[in-house]
Amino acid sequence: MRVSSFFLNTQREAPAEAEVLSHILMVRAFMIRKLATGIFTYLPMGYRVIRKIEQIVRECMNEEGGVELLMPAVQPAEIWQESGRWNKFGKELLRFKDRHGRDYCMGPTHEEVITEIARSYIKSYKQMPVNLYHIQGKFRDEVRPRFGVMRAREFIMKDAYSFDVDVQSAAVSYERMRRAYCKVFERCGLKYKMIDADSGPIGGDLSNEFMVLAHTGEDEVISCDACDYAANLEKAAALPVEPSADITFTDKLQEVFTPNAHTVRDVAAFLNIPVQAVVKTIILKADERLVALLIRGDHEVNTTKVKNFLRVPFVEFAEPQHIEAVSGPVGFSGPIGLNIPIYVDYSVEKLPSMAVGGNKRDLHIIGAKLGVDFKAEAVGDFRAALVGDVCPKCGGRYNITRGIEVGHIFYLGSKYSESMQACFTDADGVKKPIEMGCYGIGVSRIAAAAIEQNHDERGIIWPIPIAPFEVALFSLNSNNREVTDAVELLYKTLLEAGVEVIYDDRDERAGVKLSDADLIGYPVRITVGEKSYKNGCAEVKLRKNSEAAAVKFADVLMTVRELLECE
């Protein structure tokens with residue numbers, strides 16, 4: 001491909017709304033253009049990257065038994081109503097009516113569509129296992145689209161769905177997809193980590209995320225400093241912690257007036273006790289009921305853990321009017337005398353006594369004891385994990401790193417097959433719901449994540465397998481016919497050998513061409529100038545290295561092949 005025949009218009013200035021480097025570089029390298037908030041056009045250079053990622057995904061999926069199809073982007077409300085998600089998915093589901101007044105949505109995911117296909121055609125245990133996947137644009141009406149294509153409203157995704165006769169077979173399918181995903185990210189040249197994750201609105205009992213590790217990642221990843229345990233903040237286990245020896249400050253239950261103490265630290269300072277001895281009573285709305293959660297003053301609530309423990313669709317912090325209705329003024333809620341279910345975090349269970357809200361303005365109660373002064377419905381892990389917490393797998397300690405989620409796999413079980421009546425007849429003639437799995441890869445996210453992980457001050461440094469072109473070729477003296485002819489011959493030789501080469505034949509200064517090459521991030525660069533031509537050489541260098549090597553014209557193809565294979 002010649003640049004003069006390509007569609008390329010690199011930018012010197014970063015877009016004002018760009019928050020992360022991948023967004024800045026994809027715009028400047030003329031890979032994407034914003035059409036509306038969270039909606040982008042993939043320009044030719046960026047689309048070449050997308051197509052390469054898609055092909056890697058296809059090959060890895062096919063190796064593990066996946067079969068490709070293509071499902072509609074527009075989905076009727078009826079199947080979402082069958083699954084129970086039409087009202088539960090939330091405002092991210094873009095709903096609309098057709099000209100006949102029928103309800104539809106733009107597909108954010110395809111569990112309902114694929115389950116409708118499965119129930120129509122899979123009738124016997126002999127027809128399974130089956131794994132169907134497609135690569136398609138999705139739409140989720142994000143409340144705050146940001147980070148370019150990393151958190152866009154419209155995005156490109158590969159989603160796959162497995163169908164099995166029982167839990168054991170479903171576990172085999174899950175493992176095959178885990179293996180396929182590892183192959184995808186390795187072939188894309190990414191440093192990644194598989195972590196335990198929450199299933200979110202997709203549902204299911206087993207879930208793993210694949211995170212590309214990057215300082216600019218939007219997600220925090222908990223990992224152990226001594227073993228391979230890793231999880232996102234929503235999922236990371238927070239084991240019980242022993243209280244400090246100075247926690248016991250009184251054995252007598254008594255009310256204390258605490259004026260102008262509006263925070264946990266204010267209360268601790270006023271009472272002259274450790275922050276850990278102050279227990280927050282958080283009023284939450286769990287689906288349609290109110291519950292109270294007790295958590296240590298230096299910890300934060302993990303609402304996802306509460307949601308999963310209570311097995312409800314959503315958990316959120318209660319509105320002020322609801323708090324006042326059950327526990328008095330906001331900011332002074334406490335468990336004593338509370339007439340709603342109380343749940344207690346592990347960290348509170350072991351406190352010998354504690355300070356809690358008094359359900360009256362400027363009032364706290366000290367010396368409160370669990371099981372004596374108030375009862376708990378249950379004790380569990382309801383807090384966000386912290387650096388230094390104990391690893392549940394080996395006893396090591398937690399660290400926090402940042403990452404970008406690029407893949408997510410779920411074991412769904414019979415969540416959708418039961419609600420949508422996708423059943424089969426087993427070997428004994430018994431009708432059973434199909435066991436399902438769900439597996440998603442963010443194709444467009446991989447492109448952005450690769451940039452976040454591979455760049456320098458000059459621009460992108462693409463991993464070779466997903467680079468828009470493998471090799472960039474330049475004449476540094478466009479007015480010298482001999483130099484130009486030598487470059488034309490190199491171009492022809494590389495093309496005939498099957499090398500993906502882009503030849504910058506523009507009538508531009510050498511500095512402009514080389515700056516564009518660094519910005520776009522072609523892995524291998526070949527330049528020929530008057531000096532190197534007279535020596536019978538081209539200069540060949542890797543984008544990630546600063547030094548160029550002089551290579552005889554006859555050896556350029558062999559050198560390029562070696563560089564591409566070694567990388």
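1. The centres of domain 1 and domain 2, taken over C-alpha atoms, are separated by 39 Å in this predicted model. The assignment gives domain 1 as 46-216 + 406-451, domain 2 as 254-380 and domain 3 as 469-566, with bounds that come from an automatic or database domain assignment.

2. The model is predicted, with local features needing pLDDT of at least 70 and side-chain atom pairs counting only at pLDDT 80 or more, while totals for chains, interfaces and linings use all residues. Residues are numbered from 1 along each chain as its sequence is written, and side-chain values use heavy atoms, leaving out hydrogens and water.

3. The C-alpha trace of the chain spans about 95 × 65 × 50 Å along its principal axes. Of the 567 residues in the chain, 53% are buried (under 20% relative accessible area, 1.4 Å probe, protein chains only).

4. Contacts (heavy atoms within 4.5 Å) between residues at least 6 apart in sequence join, in 69% of cases, residues at least 24 apart.

5. The second largest pocket has a volume of about 440 Å³; a pocket here is an open set of points on a 1 Å grid over the protein atoms alone, where a 1.4 Å probe fits, with protein on both sides within 12 Å along at least five of seven lines, and the volume is the space filled by probe spheres set on the points, which are joined across faces, edges and corners. It is lined by 21 residues, of which K280, T281, I282, G331 and F332 are the closest to its centre (lining residues have an atom within 4 Å of a point).

Conventions:
Buried < 20%, exposed > 50% of the residue type's maximum accessible area, 1.4 Å probe, protein only.
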